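Please open the structure in your viewer and keep the selection panel at hand. The stops below can be taken in order.

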Amino acid sequence: MDDDPLVLELVERSISRYGFDVVTTRAALGVANLLRTEQPDIVLLDVNIPALSGDRILGVVRQFAGPDTLFILYSSMDESKLRELVRASGADGYIPKGVTGPELALKLSGLHHKRMANRPTPSAARVESVLQRDVTAPQSQSTTSQVSMASR
């Protein structure tokens with residue numbers, strides 16, 4: 001979720017090259033609809049949105065997500081403030097906005113892998129095999145992970 005369409009495009013292009021299925025929406029309220037229809041593994045939420053920030057949206061939309069869906073705050077805000085927001089909002093982690101491309105794909109994969117290792121489900125074996133691939137090289141085949149982003 002980001003209010004900057006260029007950030008949405010950059011993230012979509014950069015991580016889809018590494019096998020992620022990326023679904024975006026520009027409407028903050030669209031996050032709830034995406035959660036219901038897409039059931040993504042990961043939701044990347046921008047924090048600095050004027051009307052309703054990602055950390056506040058998290059409280060509203062978590063009920064529409066599956067139990068293993070990760071909510072990651074994504075911001076250029078100071079990391080110590082991001083850590084505080086993660087604790088206060090109940091997010092599953094954060095990634096600074098300066099992280100893009102292969103590094104972003106690796107971080108998202110690592111967070112997802114950690115979640116699946118802590119909560120074994122029938123899909124864990126499938127995700128495990130995907131994560132064993134070399135994420136530093138672009139993948140032509142899609143993984144089972146989805147990242148949803150929205151903006152106002």
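What follows is a tour that begins with the whole chain and then moves from selection to selection.

**Before selecting anything**

This is a predicted model, in which local features need pLDDT of at least 70 and side-chain atom pairs count only at pLDDT 80 or more, while totals for chains, interfaces and linings use all residues. Residues are numbered from 1 along each chain as its sequence is written, and side-chain values use heavy atoms, with hydrogens and water left out.

**The whole chain**

Show the chain as a cartoon: six helices and five strands are present, where helices (H or I, at least four residues) and strands (E, at least two) are DSSP runs numbered from the N terminus. Followed from the N terminus, the elements run α-β-α-β-α-β-α-β-α-α-β.

Now switch to a surface. The chain exposes about 7500 Å², of which carbon and sulfur atoms supply 51%; the accessible areas come from the Shrake-Rupley method with a 1.4 Å probe, and for residues only the protein chains shown count as cover. Of the 152 residues, 48% count as buried, a term that means under 20% relative accessible area, with exposed meaning over 50% and partly exposed in between (1.4 Å probe, protein chains only). Among the contacts with a separation of 6 or more, 69% are accounted for by residues 24 or more positions apart, contact meaning heavy atoms within 4.5 Å.

**Helix 1 against helix 5**

Select residues 5-16, which are helix 1, together with residues 101-118, which are helix 5. Their axes come within 8 Å and cross at roughly 75°; axes here are lines fitted to C-alpha atoms, for helices over the stretch in contact, and angles run from 0 to 180 degrees between N-to-C directions. The two helices are therefore roughly perpendicular to each other, given that angles of 65 to 115 degrees count as roughly perpendicular, under 35 as roughly parallel, over 145 as roughly antiparallel and the rest as oblique.

Which residues make the contact? On helix 1 they are V11, S14 and I15, and on helix 5 they are G101, L104, A105 and L108. These residues divide into five nonpolar, two polar and no charged, with Ala, Val, Leu, Ile, Met, Phe, Trp, Tyr, Cys and Pro counted as nonpolar, Asp, Glu, Lys and Arg as charged, and the others, Gly among them, as polar.

Side chains of opposite charge can pair when their charged atoms come close. The structure holds five salt bridges, each defined as a side-chain nitrogen of Lys or Arg within 4 Å of a carboxyl oxygen of Asp or Glu.

Select D2 and K97, which form a salt bridge whose closest N and O atoms are 2.6 Å apart. D2 lies in the segment before helix 1 and K97 in the loop between strand 4 (93-96) and helix 5, so the pair ties together parts that are 95 residues apart in sequence. D2 is buried, at a relative accessible area of 0%.

**D92 and R115**

Next select D92 and R115, whose side chains meet in a salt bridge (2.7 Å, N to O). The pair links distant parts of the chain, with D92 in the loop between helix 4 (79-89) and strand 4 and R115 in helix 5, 23 residues apart. D92 is partly exposed, with a relative accessible area of 26%, whereas R115 counts as buried at 13% relative accessibility.

**Helix 2 and its end**

Select residues 30-38, helix 2, where N33 has its place. The buried residues of this helix are G30, V31, A32, L34 and L35, while N33 is partly exposed, with a relative accessible area of 44%. N33 and F64 are 31 residues apart in sequence and 8.3 Å apart in space, C-alpha to C-alpha.

Helix 2 is followed by Q39, which has its place in the loop between helix 2 and strand 2. Phi of Q39 is near 45°, a positive value in a residue other than glycine, and Q39 is partly exposed at a relative accessible area of 40%.

**Last stop: L52**

Finally, select L52 in the loop between strand 2 and helix 3 (54-61). L52 counts as partly exposed at 29% relative accessibility, and it touches M1 and I57, not counting residues up to four places away in sequence.
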